[in-house]
Amino acid sequence: MRITDQTDGLDVIANDVVIAEYRLGSEIDAVNTPKPHFHPLRTLGGAQITDFAPEDHPWHQGLQFAFPRVGDHNLWGGGTYFGPEEGYKIVADQGKIAHQRWDQRVNEGADVGWTEQLDWIGHNREPLLAESRTVALSASVASRAGWILDFDSVLSNATSEELTLATPAQRGRSDGGYGGLFLRLAEGFTPVALTGESGEITSSGARSRTLVLSGTTGAGEAVTLGLAFADPDPVGDQAWLYRFEDFPAIGWAGAYETAYTVPVASSLELRHRLAIYDGLVDVDAVRADLAL
């Protein structure tokens with residue numbers, strides 16, 4: 001693999017295929033919360049996995065890491081959920097997640113990646129969180145058809161008060177626990193099977209450390225995704241939120257029922273793993289790649 005610099009981010013290339021484009025988000029409108037993101041993500045064979053700023057949810061930007069509520073601010077984008085009676089409203093509460101610098105880069109080899117420093121900034125430009133984000137990309141150990149993305153974040157409270165990282169679920173929205181690492185899948189993605197550690201997953205909000213999703217892209221390409229909460233000790237709810245009927249998306253829903261809190265002068269560490277394959281790959285092989 002190798003990393004190349006681009007005007008607003010980085011590309012990762014494997015065997016002459018650009019498997020990941022990481023962008024810093026400078027082109028995103030303020031109402032949709034500018035934030036770094038991956039788009040497109042592709043299989044080694046070139047099948048596109050992600051969508052970017054679709055008309056139904058323009059604040060969904062490929063693979064993104066953000067929260068609908070950081071204190072009193074919207075760091076997700078779009079409308080803010082005010083409860084079952086009022087629903088979503090567009091109000092002036094959106095902030096942004098801003099790249100500051102690269103600290104480390106491994107630009108070529110069997111494993112590549114980087115450490116990045118970012119600031120989570122409120123609507124009135126006040127500092128909310130300082131993030132140290134580490135991204136690593138490597139080849140699958142279980143299948144020649146796949147590759148692995150590790151996405152780890154340390155979020156440090158930059159305010160003088162305890163900071164809450166919350167979702168619409170805490171304001172009463174049923175199955176509204178989205179927030180954290182979130183994957184907007186490419187238009188037309190159709191699931192074949194979702195499998196957790198206890199068997200088939202049949203509803204959004206299911207609990208499992210890992211999830212294996214097999215399906216087909218809008219172009220009819222068979223693909224498999226493996227997702228895992230990679231924290232050494234359980235942090236948060238470790239639930240999976242997903243949609244397929246109205247639009248295809250899936251998220252690591254660590255605050256599905258209970259918000260995260262970051263005490264004053266303290267940090268929250270969240271670790272994730274995503275494996276991407278061409279074809280319908282055996283569940284046990286995917287779990288081998290998700291094992292830590």
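**Cavities in a predicted model**

A search of the whole structure finds two cavities of 30 Å³ or more. This is a predicted model, in which local features need pLDDT of at least 70 and side-chain atom pairs count only at pLDDT 80 or more, while totals for chains, interfaces and linings use all residues. Residues are numbered from 1 along each chain as its sequence is written, and side-chain values use heavy atoms, with hydrogens and water left out.

Reader: What volume does the largest cavity have?

Author: A cavity is a set of points, on a 1 Å grid over the protein atoms alone, where a 1.4 Å probe fits but cannot get out. Grid points are joined across faces, edges and corners, and a volume is the space filled by probe spheres set on the points. For the largest cavity, that volume is about 50 Å³.

Reader: Which strand gives the largest share of the lining of the largest cavity?

Author: Lining residues have an atom within 4 Å of a point, and for the largest cavity they include F67, D231 and R271. Strands are DSSP runs (E, at least two residues) numbered from the N terminus, and strand 14 (180-184) and strand 23 (267-278) each supply at least two residues of this lining. The largest share, three residues, comes from strand 23.

Reader: How many charged residues are in the lining of the second largest cavity?

Author: The second largest cavity, with a volume of about 30 Å³, is lined by Y178, G179, L181, F182, L241, G251, W252 and A253. Ala, Val, Leu, Ile, Met, Phe, Trp, Tyr, Cys and Pro count as nonpolar, Asp, Glu, Lys and Arg as charged, and the others, Gly among them, as polar. The lining therefore divides into six nonpolar, two polar and no charged.

Methods: On a 1 Å grid over the protein atoms alone, a cavity is a set of points where a 1.4 Å probe fits but cannot get out, and a pocket is an open set with protein on both sides within 12 Å along at least five of seven lines; lining residues have an atom within 4 Å of a point. Helices (H or I, at least four residues) and strands (E, at least two) are DSSP runs, numbered from the N terminus.
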